Amino acid sequence: MLIELDEGYSFGLGLFETILLYKGKPVFLNEHLARINKSIVDLGLNIDKLERDEVFQYLNNKNILEYEVLKIVLSEKNRLFLKREYTYTEKDYQKGFSLNISKVRRNESSIFTFHKTLNYGDNILEKRKSKKLGYDEPIFLSSKNQITEGATSNIFIVVGDKIYTPKLSCGLLNGIVRQYIVSNYDVIESEIDLEFLNNADEIFLTNSLFGIMPVNNLEKKVFKSQEISKNILQNYKKYLGNI
């Protein structure tokens with residue numbers, strides 16, 4: 001694979017999308033295309049618009065498994081399409097994720113916070129730190145000490161029968177499955193502090209690969225209930241089965 005040096009690979013001025021392939025079909029493809037193409041415009045990047053035909057041309061005649069991952073990377077001089085193994089297992093969902101609070105703060109004043117760019121170092125390094133400490137995912141606060149997102153996920157908080165998630169303005173990526181949850185459930189988007197998070201009855205995470213992931217614990221706090229989280233997860237699996 002040849003990569004030509006450009007601003008994407010010199011300065012991080014490139015974009016990527018990670019898409020779930022379910023039985024060979026790219027899940028939420030229209031939403032992924034809309035997001036990356038909006039980012040091209042918002043960031044003023046000299047990158048051609050990503051088209052559906054390019055995606056299906058790459059997937060054509062590829063071996064098909066039930067679950068796989070498609071990663072697309074765009075920069076000024078490079079367009080990469082990569083397919084890899086899906087690694088989440090049923091055991092992950094049964095156990096639920098373990099979370100910790102990152103000491104790194106999200107910069108809600110930076111445009112890069114709101115786009116899926118090649119400026120992804122904080123996410124990867126903090127994820128690795130969390131793994132070494134025995135956690136699955138770090139949660140970032142903003143410079144105002146508001147809850148924002150995970151390293152590779154959006155966060156939802158259940159209190160009683162109500163579902164909350166941080167406002168986009170708090171400093172986070174508008175995830176594709178986040179959009180699905182907000183569109184299909186009564187979700188309150190608000191500014192959430194650490195005290196509110198610690199008083200949650202349940203927490204679940206979302207991203208394009210695992211979909212909905214129940215949370216077992218936030219550092220030392222163990223959540224006794226995952227009822228709403230797992231109900232949403234089951235509904236999401238039914239949705240995948242019907243696409």
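This is a predicted model: local features need pLDDT of at least 70, side-chain atom pairs count only at pLDDT 80 or more; totals for chains, interfaces and linings use all residues.
1. Lys131 pairs with Asp136 in a salt bridge, a term that here stands for a side-chain nitrogen of Lys or Arg within 4 Å of a carboxyl oxygen of Asp or Glu, and the closest N and O atoms of Lys131 and Asp136 are 3.8 Å apart.

2. Residues are numbered from 1 along each chain as its sequence is written, and side-chain values use heavy atoms, with hydrogens and water left out.

3. The structure holds eleven salt bridges, and another of them joins Lys129 to Glu126, whose closest N and O atoms are 3.0 Å apart. Both of these residues belong to helix α5, which covers residues 121-132, and they stand three residues apart, about one turn of the helix. Glu126 is a buried residue, since its relative accessibility is 8%. As a general point for a first reading, side chains of opposite charge can pair when their charged atoms come close.

4. The side chains of Lys77 and Glu4 also meet in a salt bridge, with an N to O distance of 3.9 Å. Lys77 sits in the loop between β3 (67-74) and β4 (79-85) and Glu4 in the segment before α1, so this pair ties together parts that are 73 residues apart in sequence. Lys77 is partly exposed at 47% relative accessibility, and Glu4 is likewise partly exposed, with a relative accessible area of 45%.

5. The segment before α1 (7-11) also contains Leu5, which counts as exposed because its relative accessibility is 61%. If neighbours within four places in sequence are left aside, Leu5 is in contact with Ser10 and Lys77, where contact means heavy atoms within 4.5 Å. Leu5 and Arg128 are 123 residues apart along the chain, and their C-alpha atoms are separated by 27 Å.

6. Ile3 is found in the segment before α1 as well, and at 42% relative accessibility Ile3 counts as partly exposed. Beyond its neighbours within four places in sequence, Ile3 is in contact with Tyr9, Asn78 and Leu80. The C-alpha atoms of Ile3 and Ile232 are separated by 41 Å, these residues being 229 apart along the chain. Leu2 lies in the segment before α1 too, and with 84% relative accessibility Leu2 counts as exposed.

7. Two residues deserve a look at their backbone angles, and the background is that most residues other than glycine have a negative phi. Lys23, although not a glycine, has a positive phi of about 55°, and its place is the loop between β1 (15-22) and β2 (25-26). Asn145, which is not a glycine either, has a positive phi of about 65° and is located in the loop between β6 (137-142) and β7 (147-150). Asn145 is partly exposed, as its relative accessible area is 41%.

8. For the chain as a whole, the secondary structure comes to eight helices and 13 strands, where helices (H or I, at least four residues) and strands (E, at least two) are DSSP runs numbered from the N terminus. The radius of gyration, taken over C-alpha atoms, is 18 Å, which agrees with the value near 18 Å that a compact globule of 243 residues would have; the globule rule is 2.2 Å times the number of residues to the power 0.38. The C-alpha atoms fill a box of roughly 50 × 40 × 35 Å along the principal axes.

9. Of the 243 residues, 50% count as buried. Among contacts between residues at least 6 apart in sequence, 66% join residues at least 24 apart.

Technical notes:
Buried means under 20% relative accessible area, exposed over 50%, partly exposed in between (1.4 Å probe, protein chains only).
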